[in-house]
Amino acid sequence: MSVQAIFTQVSYLVAAALFILSLKWLSAVPTARRGVIAGEVGMVLAIIGTLLLPQIVSYKWIVVALLVGSAIGIPIAYLMPMTHVPQRTALSHSFGGLAVGLVGTAKYYLWHEHDPARLTTFIMAVLCFEVLLGFLTFTGSLMAFGKLQELIPTRPIVYRGQNFVNLSLLGIAVAIGVYLTINPAQIGLFPIFIALSLAFGVLLIMPIGGADMPTVIALLNSYAGISASAMGFVLENKLLIIAGALDGSSGFILSIIMCKAMNRSFTNVLFGAFGQVSPQALKAEERTVRSASPEEAADILLAASSVAIIPGYGMAVAQAQHKVRELFDLLTRRGIDVKFGIHPVAGRMPGHMNVLLAEADIPYDRLFEMEDINSELPHTDVALVIGANDVVNPAAKHDKGSPIFGMPIIEADRARTVMVIKRSMNPGFAGIENELYYMDKTLMLFGDAKAYLGELVKMIGQEK
């Protein structure tokens with residue numbers, strides 16, 4: 001074995017270990033930074049090891065691909081704000097799915113033309129699986145990006161018989177894949193197989209509303225990983241099999257966690273069209289609420305001994321995380337105990353709120369998961385909800401007719417006083433009104449989160 005081959009095997013082994021450690025460290029906030037670094041080092045080693053493979057006869061197109069990828073990736077990383085991390089993640093999934101689909105397509109046509117014996121039943125089965133998942137991940141992720149970026153409607157796009165059409169399309173694609181596995185020489189069917197895979201990715205995401213984006217992002221991540229693992233079998237690359245399996249399994253586990261956090265099933269997420277505005281939501285304006293000015297809200301915060309801040313997607317939209325940090329600093333300097341309650345599905349992707357608060361340098365030990373903050377809330381003077389809606393709706397605990405019934409929530413209603421920063425009384429992604437807003441202990445602070453928090457910071461900063 002040559003020195004290059006030995007280095008490749010060693011780099012693959014070390015990279016695989018780093019990928020596993022990365023996932024372990026990313027599961028805890030204090031070690032998350034270490035996990036990111038481990039994953040990055042592992043990927044660099046994997047790339048270097050691959051570039052030393054003896055099968056490579058020319059680096060020309062590899063260099064071109066590296067330059068093109070860098071030209072796309074670097075601006076996205078630098079120019080896209082942290083508030084758009086979900087969109088960037090969806091875009092990354094789409095690129096990964098496209099790469100997998102194109103590699104599978106290229107291998108099929110190349111072997112069909114020059115080495116038909118390579119297209120064994122096993123290889124064709126894995127290759128078809130790879131292409132199907134790769135291309136549906138590509139178009140599905142683009143659809144998710146469009147919804148997250150609000151380039152297309154975030155509400156579910158539905159029509160009569162939609163699930164039947166979607167499943168029929170998938171069934172036809174699978175049937176063609178099975179036929180190609182048995183008869184790989186039927187080259188004319190392959191473009192149809194690709195077209196059906198691309199179409200199914202679009203139709204899969206169309207009926208899914210914005211409230212389910214955390215689960216969808218995790219599920220698309222799982223699809224991308226599984227398709228990459230299948231590509232590893234086609235290319236006979238062990239590291240790709242390992243990395244893809246890790247990505248696919250972790251994404252699937254995360255999807256399950258997200259479904260449990262919303263008390264939903266996979267079928268309900270994928271086919272339930274969750275997020276339609278209910279008739280009850282349209283009556284929300286008929287009920288009265290209590291509101292407060294920035295001066296009144298500042299006085300209430302200054303009189304408190306403990307405050308729980310509960311962020312949601314509204315904070316991300318307003319890019320208010322740095323104002324939240326300023327408010328946190330002012331309150332803690334006055335001896336007020338400030339904690340943050342993070343719901344698993346707050347925002348548009350798992351960990352969205354954690355990422356934004358970390359960007360604003362909120363101390364890790366001040367971030368509490370849902371179960372932990374709920375035990376604190378009955379003893380908390382003020383719960384300050386910033387742009388969160390469905391994840392603090394008490395209806396989830398008792399209203400059996402509510403679409404969110406049974407969903408675990410952050411129980412802000414158990415705090416002594418509740419203040420909610422919100423632009424208007426419009427319903428959240430679930431399309432229902434929030435009972436929390438109409439409680440006697442609740443004060444609505446209407447306005448843009450960043451501007452309103454700026455006013456609070458100004459008022460509190462002026463107090464001696």
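Glu 295, Glu 296, Asp 299, Glu 455 and Glu 463 form a surface patch of negative charge. The model is predicted: local features need pLDDT of at least 70, side-chain atom pairs count only at pLDDT 80 or more, and totals for chains, interfaces and linings use all residues. Residues are numbered from 1 along each chain as its sequence is written, and side-chain values use heavy atoms, without hydrogens and water.

Patch residues have over 30% relative accessible area and no salt bridge, with like charges joined within 9 Å. A salt bridge is a side-chain nitrogen of Lys or Arg within 4 Å of a carboxyl oxygen of Asp or Glu. Areas follow the Shrake-Rupley method with a 1.4 Å probe. Helix H12 (residues 294-303) contributes the most, with three residues. Helices are DSSP runs (H or I, at least four residues) numbered from the N terminus. Glu 295 lies in H12. Its relative accessibility is 40%, so Glu 295 counts as partly exposed. Buried means under 20% relative accessible area, exposed over 50%, and partly exposed in between.

Helix H8 (residues 213-235) holds 23 residues. H8 spans 32 Å from first C-alpha to last, close to the 33 Å expected at 1.5 Å a residue. The expected span is 1.5 Å times one less than the number of residues. H8 is largely enclosed by the rest of the structure, because 20 of its 23 residues are buried.

Glu 236 sits in the loop between H8 and helix H9 (238-262). Glu 236 is exposed, at 63% relative accessible area.

Gln 319, also not a glycine, has a positive phi of about 50°. The loop between helix H13 (313-318) and helix H14 (321-333) contains Gln 319. Gln 319 is partly exposed, at 37%.

Methods:
Patch = residues over 30% accessible without salt bridge, like charges linked within 9 Å, V, L, I, M, F, W, Y side chains within 5 Å. Lys, Arg positive; Asp, Glu negative; His and termini not counted. Charge placed at Lys NZ, Arg CZ, Asp CG, Glu CD. Helix = DSSP H or I, 4+ residues; strand = E, 2+ residues; numbered from the N terminus. Buried < 20%, exposed > 50% of the residue type's maximum accessible area, 1.4 Å probe, protein only.
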